[in-house]
Amino acid sequence: MLKRIAAILLVVLSLTLTGCVSKVTGLKSYVDTGDGYQFLYPNGWLPIAVSNGPDVVFRDLIQQTENVSVVISPVAKDKTLADLGTPTDVGYKLSKSAIAPSDSSREAELVNAEARESRSKNYYILEYAVKLPNQERHNLASVAVSRGKLFTLNVSTTEERWPKVKEAFEKVVKSFSVY
């Protein structure tokens, strides 16, 4: 009888642990306590050094055109994300200022823009179809304001690979949090 109860408890425990792990399978955690943000990124992605650009960049070891980055920009200390505009407004401004500026030979179409709240912080989730001169790409971004800073996490891949990585990229974007 005792062995049967122990076996049942072992099965229940293993199922519980499997359920916890499966939500983030294949993802690793990145935490920047100095700047106050964190996110998950896919296994097999490595940090790359950049200067005069994003705060951090990770890129896929195999598919080197796939990457995730975080850009931090100043905003007035009293500004909130809603003060910057609706998700669509902010998505459009981001497309014109960072993703496809007028002098870049890129085009960006805002495919979707939505607001979400997590741990009493507001985030905008933005989705773009981006056309480069020789390639079509798909970008997801999460935007938040905290402590007088605008945080933008962007994850990007080719349009061809988008269906294969969509679920993982959505987890990356939704994992982004600022504090």
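## Overall make-up

The chain holds four helices and 10 strands, where helices (H or I, at least four residues) and strands (E, at least two) are DSSP runs, numbered from the N terminus. This is a predicted model, in which local features need pLDDT of at least 70, side-chain atom pairs count only at pLDDT 80 or more, and totals for chains, interfaces and linings use all residues. Residues are numbered from 1 along each chain as its sequence is written, and side-chain values use heavy atoms, with hydrogens and water left out.

Followed along the sequence, the elements come in the pattern α-β-β-β-β-β-α-α-β-β-β-β-α-β. Of the 179 residues, 37% count as buried; buried means under 20% relative accessible area, exposed over 50%, and partly exposed in between (1.4 Å probe, protein chains only). Accessible areas come from the Shrake-Rupley method with a 1.4 Å probe, and for residues only the protein chains shown count as cover. Take the contacts between residues at least 6 apart in sequence: 46% of them join residues at least 24 apart, a contact being heavy atoms within 4.5 Å.

## The seven-stranded sheet

Let's turn to the sheets. Seven strands make an open, antiparallel sheet in the order E3-E4-E5-E9-E8-E7-E6. Its edge strands, each pairing on one side only, are E3 (45-47) and E6 (107-118). From one strand to the next, the twist averages 20°. Two strands are taken to pair if DSSP finds at least two bridges between them. E4 and E5 run antiparallel and are joined by four bridges, and Phe58 stands opposite Val68 in E5.

E5 is also joined to E9, in antiparallel fashion, by eight bridges; here Asn67 has Ser156 of E9 as its bridge partner. On to the next pair: E8 (residues 135-146) and E9 are antiparallel over 10 bridges, with Val145 opposite Leu150 in E9. These two strands form a hairpin with two residues between them, and Arg147 in the turn has a positive phi of about 50°. E9 (residues 149-158) is largely enclosed by the rest of the structure, because nine of its 10 residues are buried.

## The three-stranded sheet

A second open sheet, also with antiparallel pairing, has three strands in the order E1-E2-E10. Strand E1 (27-32) and strand E10 (177-178) are its edge strands, each pairing on one side only. E2 (residues 37-42) and E10 run antiparallel and are joined by two bridges. In E10, Val178 is the bridge partner of Tyr37.

## A helix across both sheets

Ser175 belongs to helix H4 and counts as buried, at 19% relative accessibility. Leaving aside neighbours within four places in sequence, Ser175 is in contact with Gln38, Phe39 and Leu40. Its C-alpha atom is separated by 9.5 Å from that of Ser118, which lies 57 residues away along the chain.

## Two more residues to look at

Ser146 is found in strand E8 and is buried, with a relative accessible area of 2%. Apart from neighbours within four places in sequence, Ser146 is in contact with Lys121, Phe151, Val178 and Tyr179.

For the surface, look at Leu61, in the loop between strand E4 (56-60) and strand E5 (67-74). Is Leu61 buried or partly exposed? Leu61 counts as partly exposed because its relative accessibility is 49%. Together with Leu46 and Ile62, Leu61 makes a nonpolar surface patch of about 320 Å². Patches are made of residues with over 30% relative accessible area and no salt bridge, with like charges joined within 9 Å and nonpolar side chains (Val, Leu, Ile, Met, Phe, Trp, Tyr) within 5 Å. A salt bridge is a side-chain nitrogen of Lys or Arg within 4 Å of a carboxyl oxygen of Asp or Glu.

How values were computed. Axes fitted to C-alpha atoms, helices over the stretch in contact; angles between N-to-C directions.
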